[in-house]
Amino acid sequence: MKGYDFSAIEEKWQKIWEERKVFKVKTDPTKPKYYVLEMFPYPSGRIHMGHVRNYTLGDIIARVKRMKGYNVLHPMGWDAFGLPAENAALKHGIHPAKWTYSNIDYMRTQLKKLGFSYDWDREFATCDPDYYKFEQKFFIEMLEKGLAYRKKTLVNWCESCQTVLANEQVEDGKCWRCGEEVTSREMEGWFLKITDYAEELLSDLEKLKGHWPEKVLIMQKNWIGKSEGAEIDFYIPDIDKNLTVFTTRPDTLFGVTFLALSPEHPLAYEIAEKKGFLEKLLEFREKVRKERKKIEEGEAEKEGFFLETYAIHPFTKEEIPLYTANFVLMEYGTGAIMCVPAHDQRDFEFAKKFGLPIRVVIKPKDRELNPDEMEEAYEAPGVMINSGEFTGLDSDEGKKKIIEKLEALNLGKRKITYRLRDWGVSRQRYWGCPIPVIYCDKCGIVPEKVENLPVKLPLDAQIDPKGRSPLPELKEFAETTCPKCGGKARRETDTFDTFVESSWYFARFACPDYPEAFNPEDVEYWLPVDQYIGGIEHAILHLLYARFFTKVLRDLGYLKLDEPFTNLLTQGMVIKETYRCPRHSWIYPEEVSSEGTCLKDNCGEKVIIGKPEKMSKSKCNVVDPDTMIKKYGADTVRLFIAFASPPEKDLEWSDHGIEGAYRFLKRVYNLFEEHEEILKKVTYKEEELKNLSGQALKLRRKLHQMVKKVHQDFEERFHFNTGIAAIMEFMNYLQDSLKELDLKEELNKKLLREVFEKLLLCLSPVCPHICEELWERLGKETLISEAAFPTWEEDLLKEETFTLVVQINGKVRDQVEAPSGITKEEALSLVKELPKIQKYLEGKNIRNVIFVPEKLINIVVS
RNA sequence: GCGGGAGUGGCGGAAUGGUAGACGCUCCGGACUUAGGAUCCGGUGGGGUAAAUCCCCGUGAGGGUUCAAGUCCCUCCUCCCGCACCA
């Protein structure tokens with residue numbers, strides 16, 4: 001016995017697949033296509049188990065679909081721009097480009113070792129100018145269409161490093177490098193008008209229902225945050241201007257007792273300036289800005305002050321005081337609100353604090369509200385009171401009526417507002433795609449000429465020790481000429497948010513070498529992605545941006561689709577048990593003794609076994625894919641990952657579990673080897689095996705049942721765990737059968753051949769290397785990776801007998817083998833003969849008999 | 001607070017309203033061995049009984065629908081995730 005030498009087998013087949021370009025695909029409209037895509041990785045240095053899981057799931061799907069006759073596009077690339085490359089440059093003095101590309105080289109070899117069936121000829125990295133030049137082109141076209149614009153935005157600023165910080169570089173409100181308090185600073189930046197697409201992004205979620213996880217759809221819906229209401233104008237005589245507020249409760253208009261403006265509101269500024277308390281306002285604004293970050297952790301007290309100004313109520317003409325308040329966001333609605341303390345909890349709290357009146361205008365059906373006794377706002381619908389001509393209306397009805405009147409008087413209008421904000425894409429970073437615009441003193445903002453693209457990121461830049469982008473100081477880059485007038489001009493030195501690159505990469509995979517962005521023939525054939533797979537952490541941003549880009553590219557004439565990803569699978573995390581020592585905190589499994597005490601520094605403390613958590617270095621529970629592949633081989637790693645839990649649930653890594661997977665593959669291998677001599681000499685035709693009997697028939701039936709189950713679980717449900725369980729169950733059955741089966745009989749030899757062929761075919765999407773190897777040893781000259789999925793005979797699946805479960809009053813009391821196709825009457829008389837059942841029926845009246853064909857009979861007795 | 005998901009053996013997990021616990025792990029016993037942390041075989045939800053092919057209990061808790069409920073409905077509990085001053 002040679003034994004299962006996985007490393008030789010895996011190396012051999014990976015080489016063959018690569019040399020023969022087995023997974024290379026071409027556009028072929030005569031064949032049905034299937035595009036399976038996994039979220040491409042950031043080249044951080046090494047593949048982690050999360051990647052392995054993601055890509056294993058994708059690869060099984062790709063291989064199954066290929067076996068089912070689809071022309072399968074299964075590409076891989078690199079989301080290669082981003083901050084960690086700059087951090088590595090700071091820490092180790094390696095240039096971000098060098099760091100990134102060497103990481104890619106290493107990670108590619110890791111992926112290849114896992115035997116994933118990618119069309120590697122389509123690989124690209126988003127930091128390649130050949131990729132990002134199209135992104136720059138899209139941006140220029142968006143600019144021309146008004147989909148990109150500049151506005152002021154708040155950024156994190158470190159005074160001591162003189163640099164903008166990304167959110168992840170802010171730790172506890174302090175700079176991650178120097179520890180200085182981070183302040184916010186206004187800067188100009190580029191924005192993409194995703195809000196123009198808010199309605200379509202929302203309504204198209206409908207098309208994804210049933211194909212995307214419900215959870216993701218809900219998260220996106222909440223993120224877009226559509227709300228319907230009205231904009232209402234309040235005239236401010238002091239400055240002779242209207243203040244427009246947005247409200248979803250126009251029915252409470254008669255309950256307004258004050259108005260509140262965001263401290264950032266231009267009218268707040270104007271009033272403060274006029275009334276001479278500008279400084280107070282600016283102080284307050286700064287305070288609120290700082291608090292904004294605190295709010296994320298806990299509750300912030302309602303604060304604000306009177307603006308010494310009044311506005312006129314559109315209907316009652318009363319004077320309503322104006323306040324500025326910390327809870328009013330400038331970014332949402334109009335940045336100003338009408339406040340109805342009786343019917344809005346926030347307004348209520350503010351009114352209580354500042355002694356403002358509470359006026360009840362909505363009455364609940366079952367009780368009266370007394371403003372003096374109210375402890376919280378009444379926010380539910382009800383009947384309108386104290387509302388002039390609207391009194392007595394149902395509040396929902398009142399909403400419409402009040403809007404109608406406002407519109408008639410030109411004092412307001414129906415309005416839909418979204419929580420979704422425009423997408424700020426400017427990053428003051430070096431390692432990103434340059435934004436292709438030029439600032440000219442004479443011509444203003446001028447896009448780079450399309451023929452000059454790409455605006456290449458200069459690779460010879462020196463990384464600044466404080467982490468600032470070197471681009472603004474890099475004369476060769478920043479100093480340029482205006483494309484319009486030819487005069488001296490300055491180039492934009494900000495780069496794009498890296499989410500921009502990942503918003504359209506899936507489309508580029510259809511034609512990665514095409515000289516233009518997209519070859520219509522290719523994108524029309526391959527898109528949309530049929531199955532997209534990735535982590536739930538991208539439920540909102542990445543997926544929303546990619547959907548947005550798809551619609552923009554459609555409107556720019558590049559693509560002809562509305563949604564990029566037809567089906568979405570969000571896989572769970574890979575988690576593992578953690579160990580904690582009271583003295584040493586998180587410790588490695590090797591540091592725990594067999595008695596469960598800490599071995600670190602001879603500590604001896606009792607180790608606390610923690611619940612399984614997401615693998616992380618800090619918790620010492622990381623399992624390295626390389627180590628596992630080396631120890632067990634890629635097929636075992638893939639098998640364990642696919643078997644341990646269904647894709648959408650978390651997967652608990654288990655050292656014992658992977659042993660079990662390994663053991664199973666060894667069993668398959670050894671059993672094959674044991675019968676290899678017979679197997680390679682025999683061939684079979686399906687019709688030769690039609691008339692089996694006894695154990696042979698049972699085995700063949702079990703085989704075909706297994707094939708069908710694997711088909712259902714692998715292709716239809718993506719429940720690889722149960723499909724693999726079926727294969728294991730069959731293996732157990734096969735080993736038992738072989739004890740009884742006479743392998744000197746020619747027919748049984750033929751059956752054994754069928755068994756192994758189909759078994760290997762079923763297992764091959766999960767464990768391609770071992771199956772490829774044994775397939776070859778069956779004498780096959782074609783690759784199992786290119787074989788068709790095995791067929792099963794539906795007629796064969798039916799057993800001649802089945803276990804009839806016998807229930808009395810719904811309780812299982814006995815079971816009996818019964819011929820298939822037995823009728824209710826036959827079953828009843830059969831069952832009545834059973835001694836145990838007779839006991840239960842004795843002296844009782846049969847009141848009802850329920851018969852489920854091929855399953856059970858339930859006798860209801862009194 | 002709002003929204004979503006989940007609670008099944010010692011563990012991961014199976015079960016179109018029809019035998020709860022497939023498959024795997026762990027553990028126990030046995031075989032083969034100089035050896036076993038290799039391999040193979042058997043057992044493994046709880047309780048009762050000397051034992052069983054016997055009986056009872058059992059899918060977070062409590063009700064309900066049904067001949068029949070892990071599955072459907074209602075109430076509650078626990079955990080996880082997302083959102084959270086969005087007017």
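Reply: Gladly; let's begin with a sheet. Four strands make up an open sheet of mixed pairing, ordered E31-E30-E33-E32. Strands (E, at least two residues) and helices (H or I, at least four) are DSSP runs numbered from the N terminus, and two strands pair if DSSP finds at least two bridges between them. This is a predicted model: local features need pLDDT of at least 70, side-chain atom pairs count only at pLDDT 80 or more, and totals for chains, interfaces and linings use all residues. Residues are numbered from 1 along each chain as its sequence is written, chains are lettered from A and ligands numbered from 1 in the order in which they are written, and side-chain values use heavy atoms, leaving out hydrogens and water.

Me: Which are the edge strands of this sheet?

Reply: Strand E31 (811-819) and strand E32 (846-852), each of which pairs on one side only. On average, neighbouring strands are turned by 20° against each other, direction ignored.

Me: Which helix packs on the sheet?

Reply: Helix H26 (residues 824-832), which touches E30, E31, E32 and E33; its direction makes about 70° with that of E33. Contact means heavy atoms within 4.5 Å. Axes are lines fitted to C-alpha atoms, for helices over the stretch in contact, and angles run from 0 to 180 degrees between N-to-C directions.

Me: How many bridges join strand E30 to strand E33?

Reply: Four, between residues 801-808 and residues 856-861, and the two strands run parallel. Within E33, Leu856 stands opposite Val805.

Me: Now the RNA. Which residues come nearest to RNA strand B?

Reply: A residue is near a strand if one of its heavy atoms lies within 4 Å of it. Of the 51 residues around RNA strand B, the nearest are Thr248, Lys302, Tyr332, Arg346 and Lys836. Helix H22 (residues 720-740) gives the most to this surface, with six residues.

Me: What part of RNA strand B do the atoms within 4 Å of the protein belong to?

Reply: Sugar or phosphate accounts for 64% of them, and bases for the rest. For single polar contacts, look for N or O atoms within 3.5 Å; within protein, one must be able to donate a hydrogen and the other to accept it, and residues adjacent in sequence count only if both atoms are side-chain atoms. A polar side-chain atom of Lys811 is 3.4 Å from a phosphate oxygen of RNA strand B, and one of Asn858 lies 2.6 Å from a base oxygen.
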